[in-house]
Amino acid sequence: MGQFVQYLINGVISGGILALIALGIVSVFKATKVVNFAHGHLILFGAYFYFTFAVMLPEAAFMPDWVRSWEPEWLVAYRADAPSFSPKAAIASWISDVPRILLGLAGALAANALLALLIERLVMRPLLGQSTFAMILSTVGLIWVLEGSAGLIWTAEAEQVPSLGPNFPIRFELFGANLFLFSGSLFNLLIALALFAALMLVLRYTRSGVAIRATAEDQSTAYAMGINVPRVFSSAWLIASTTGAVAGAILATRTGLSPAIGLFGLSVLAVVLMGGLDSFAGVLLASMLIGVLQAMTQWKLGGEYAEIVPYVAVLIVILIRPHGFLGQEEIERI
Amino acid sequence: MITGHYKTRYTADEGIWSTWPKQAGLVAALVALAVLPLIANNYVLLLAGQIAIFIIAVVGLNVLVGYTGLMSLGHGAFFAIGAYTTVAVHHEFPNTFPLITLLISIAVAAAFGVLFGLPSLRVKGLYLAVATLSANFIVLFLIRQEWLAEWTGGVSGTETPNAVLFGYELRSQRAQYYFIVPIMLIMLLFAQNLFRTRFGRALIAIRDKDYSAEILGISLYSHKLKSFAISAAYCGAAGCLWAYFFPAILPEDFGLNMSITLVVCLVAGGMGRTLGPVFGTVLILLVPEILKIVFANVTDGDANAQMLFSPMRDIAFGVLIIGFLIFEPMGLVSIWDRFWRFVDRWPFSK
């Protein structure tokens, strides 16, 4: 039982990250009807940008010392009486990292937003009104362009990046078993869920959120009501790229930087289809389900089986419910 | 439409090689294919064999994507099934006649094609693309498993047999070439003829509007599955020839990259035409080689620069596919058509 809870916790944590990634795919689909196969590679860029701004840039000679590691006097005093490997020490070392984490996040968000605007303008805009097939293929083409460019720009692999939150193990007892998790992962989960919730609120209550939902409902009517539809497209890509940048940073802290992050994005596509392409709630449900299923598979069958869990699950769900758990059924007109 | 051809009978309209430029072109192409091994070196023949095998696979993909309008991002799996079936058959019966192995590979791949095609009865477009993509991952996962390793070699791949025709082992690139290219030509001819039949036209009807086709009395159920089977059979044949052609195979050879490459070849060439896959495959497979030569000349064989080659190739592929989609969505074959239309109408053409 204890083991079960342990893997359940692991599953929920990775499910949260899946949800954060899926968020980007869904928001782009809702606004523009484009399913972004290259979202994983957008995340890959987010991860590399985070690495660039949080690790490479602070190391540069022209940056002031306090960016590299911030050591105000009170922090030195605080650290002095903290035993090593204690939560206190972990928090202290996190605080001294805060400037570069913030720099990294800000840089990754800005750079990824710029990248997404570029993609939207250069690739997606000219293909407006083309078939689904052309849209899918152009994002598939993007996969290669992004992967190749990442390979040209960054040669680093499996580099360490600073964790977003203070990272210390939390141990507790439940059902007579010792469980533990890293506070860093808990922090990541909270960030993911907070972003998810924030986006929901934005879509529901703000003016631009309503514009996005109106465009998702019916493009030409949205046009007729005076909504600037191309700008809605841009903002959908912005949402995807910025949430993707955060997801990339989280993934980089979890598994290290490597091109495999891009491939991970493809498995999230399976999760999204499972939940229903146009339903945020369905996607959240599917992410949690896949996260937990993956953790359970890892527990019972081993890591390699866990890799194909999303693909098997999506095949089964598509066969039974072609539009996912909560996706809207498309009505075809003859 | 002004075509410049005066036809008086339906048979003339239906003919594949009805006009003299087409006949001359066919003869010229056949002569060129037959003579190529006599003048080319091994490097060129290796490339030619690879292109011929890919053409078979892309023609198969064209049956499904180009003619039936079903999307697939998982055809690398059928390729893998064909290749591993060949290896397994030779593992059990070492002296099987290659053409029999080819038929077995085709049959096994077609059976898997029907299995993979099942989602196509429920979903299409994007959902089918992801379903086939998932199937591709699952097939490769199975191939990597320990308990199949006796036949597949597992993660580390396996050595593949050489084809033995009437006691003569096809070792050299040249011999392999003469084995592969005739098979490719027969399969091309079959695909071209398939779409002059009732069945082929039914597939085209499904592509254009599936419910209209159903109203006309075409069973979507059986036609979609048959289309999947034929398409998979082509890829299975390609996989079988691939296993004979190369000394060893790895599961990774048949991953997502191969599936996407097949689609890229199809898009670059032009969907729904028999010549499309031919042009597309030649272009897409030659691009890395041309890049390699240009790269070696520019960098003078610098080892550090060689590291950049693979990313550059990826970018070139990506730019090609996006470029074709934006500027020439019908592929190379439409350029070819425009050229011949110009020739046909000359001197009245603009």
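# Close-up views of a two-chain predicted model

View 1. Ala22(A) has its place in helix H1 (residues 2–32) of chain A, where helices (H or I, at least four residues) and strands (E, at least two) are DSSP runs numbered from the N terminus. The model is predicted, so that local features need pLDDT of at least 70 and side-chain atom pairs count only at pLDDT 80 or more, while totals for chains, interfaces and linings use all residues. Residues are numbered from 1 along each chain as its sequence is written, and chains are lettered from A and ligands numbered from 1 in the order in which they are written. Ala22(A) counts as buried because it has 32 C-beta neighbours inside 10 Å; a residue is buried if 20 or more other C-beta atoms lie within 10 Å of its own, exposed if 12 or fewer, and partly exposed in between, with C-beta atoms placed from the backbone. Leaving aside neighbours within four places in sequence, Ala22(A) is in contact with Val268(A), Val271(A), Val272(A), Val283(A) and Ser287(A), a contact being two residues whose C-beta atoms, placed from the backbone, lie within 7 Å.

**View 2. The largest nonpolar core.** This core has 186 residues, and those with the most contacts inside it are Ala22(A), Ala47(A), Tyr50(A), Ala57(B), Tyr234(B) and Ala238(B). A nonpolar core is a set of buried Ala, Val, Leu, Ile, Met, Phe, Trp, Tyr and Cys residues joined through C-beta atoms within 7 Å. On the chain B side of the list, Ala238(B) is in contact with Ile53(B), Phe54(B), Ile56(B), Ala57(B), Phe79(B) and Gly82(B), if its neighbours within four places in sequence are left aside.

**View 3. The contact between chain A and chain B.** Chain B brings 33 residues to the contact and chain A brings 32 residues. On the side of chain B that touches chain A, the elements giving two or more residues are helix H6 (126–144), helix H12 (256–269) and helix H15 (309–327) of chain B. H15(B) gives the most to this side, with 12 residues. The residues of this side of chain B divide into 27 nonpolar, 4 polar and 2 charged, where Ala, Val, Leu, Ile, Met, Phe, Trp, Tyr, Cys and Pro count as nonpolar, Asp, Glu, Lys and Arg as charged, and the others, Gly among them, as polar.

**View 4. The strand pair of chain A.** Strand E1 (residues 169–174) of chain A is joined to E2(A) by 6 bridges, and the two run antiparallel; strands pair if DSSP finds at least two bridges between them. Arg171(A) has Phe180(A) in E2(A) as its bridge partner. Strand E2 (residues 177–182) of chain A is hardly covered, the count of buried residues among its 6 residues being 0.

View 5. In the model, residues 101–119 of chain A are 100% helix and 0% strand, with their end C-alpha atoms 26 Å apart. Residues 232–252 of chain A are likewise 100% helix and 0% strand, with end C-alpha atoms that lie 30 Å apart.
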